[in-house]
Amino acid sequence: MDLSNTPSFDAPIPGQSLTGEVGSKPWEQPPKLTTVDEVISNYIPMFEDEEFVTELLNQMEAGIPIIPIVNILIKYSVMDGDHSLDAGLLAAPVIIELMINIAEASGIKYDIGNKTKGKVKPSMSAISIALKDLDLPEEETEIVMEIEEPSMGLMAKRGEEDGV
Amino acid sequence: MSKHIVKMYNRLDAQINKSPSTNSTKSTGLIPQRKEPEEESDIIHYVKQIRKMRENNNGLK
């Protein structure tokens with residue numbers, strides 16, 4: 001059963017964010033950390049936490065690029081009202097570099113995720129699957145060969161036989 | 001947001017990798033012209049420091 005087209009009831013109702021009191025959510029409050037220095041120093045203790053580092057290394061080893069991980073970290077802190085999105089964005093390169101340091105120190109292959117990939121050509125198997133999904137009716141193409149039969153009537157056009 | 005982070009990181013990386021201009025500017029007049037030292041932003045400074053630290057660690061291995 002294909003679940004991709006089934007409606008999800010876990011999603012918030014449109015306009016739900018406007019039903020609460022203004023300022024009741026942490027991200028609606030003024031951020032706790034306002035400068036980039038403060039934001040960076042907020043993230044550095046994370047890298048001293050053994051549990052966090054182990055989990056981070058597992059993610060990197062699984063092939064997850066660093067930038068999406070940093071993205072999640074920043075968004076989570078914004079949601080908590082720690083800092084603004086802009087300050088998080090400015091601190092992102094420093095967090096990326098710290099993660100690279102950890103990966104290299106542990107001897108783990110990592111992917112930053114900053115390289116834009118070119119156009120990926122679909123494989124032949126993917127094309128054949130896509131064509132199967134289309135279920136196009138096979139058109140029977142009949143090649144009709146029209147052969148002119150020589151007319152035998154009296155009013156028939158004179159042809160090459162007559163030498164005209 | 002990831003797109004913005006990628007853009008920011010690539011721009012910063014390019015700025016760091018750019019060869020620093022060590023040549024002094026030629027003075028054309030009697031008074032030599034002095035170029036003001038370019039002030040690095042905090043983030044570039046941090047990134048440079050972290051990279052230097054990494055190079056040192058890799059050198060020790």
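How many residues of chain B are in contact with chain A, and how many residues of chain A take part? In this predicted model, 19 residues of chain B are in contact with 24 residues of chain A. Together, the two chains bury an area of about 2000 Å² between them. Carbon and sulfur atoms give 66% of that buried area. The contact between chain B and chain A also includes 2 salt bridges. A salt bridge joins Glu97(A) to Arg54(B), with the closest N and O atoms 2.2 Å apart.

Over all chains, the count comes to 4 salt bridges. Within chain A, the side chains of Lys32(A) and Asp82(A) form one such pair, with a distance of 3.4 Å from N to O.

The packing of helices within chain A was examined next. Two packed helices are described by the angle between their axes and the distance between the axes. For helix 2 (residues 50-61) of chain A and helix 3 (residues 66-79) of chain A, the angle is about 140° and the axes are 10 Å apart. Helix 2 of chain A is therefore oblique to helix 3 of chain A, and the crossing of the two helices is right-handed. On the side of helix 2 of chain A, the contact is made by Phe52(A), Leu56(A), Gln59(A) and Met60(A). Helix 3 of chain A contributes Ile66(A), Ile69(A) and Leu73(A). By class, the residues of this contact comprise 6 nonpolar, 1 polar and no charged.

Helix 2 of chain A also packs with helix 4 (residues 85-106) of chain A, here at an angle of about 80° and with the axes 11 Å apart. Because of this angle, helix 2 of chain A counts as roughly perpendicular to helix 4 of chain A. The residues that meet are Val53(A), Leu56(A), Leu57(A) and Met60(A) from helix 2 of chain A, and Met99(A), Ile102(A), Ala103(A) and Ser106(A) from helix 4 of chain A. This contact has 7 nonpolar residues, 1 polar residue and no charged residues.

Methods: Residues are numbered from 1 along each chain as its sequence is written. Chains are lettered from A and ligands numbered from 1 in the order in which they are written. This is a predicted model: local features need pLDDT of at least 70, side-chain atom pairs count only at pLDDT 80 or more; totals for chains, interfaces and linings use all residues. Side-chain values use heavy atoms; hydrogens and water are left out. Axes are lines fitted to C-alpha atoms, for helices over the stretch in contact, and angles run from 0 to 180 degrees between N-to-C directions. Helices (H or I, at least four residues) and strands (E, at least two) are DSSP runs, numbered from the N terminus. Angles under 35 degrees count as roughly parallel, over 145 as roughly antiparallel, 65 to 115 as roughly perpendicular and the rest as oblique. A crossing is left-handed if the near helix is turned anticlockwise from the far one by less than a right angle, and right-handed if clockwise. Contact means heavy atoms within 4.5 Å. Ala, Val, Leu, Ile, Met, Phe, Trp, Tyr, Cys and Pro count as nonpolar, Asp, Glu, Lys and Arg as charged, and the others, Gly among them, as polar. Buried area is the accessible area (1.4 Å probe) that two parts lose on being put together, summed over both.
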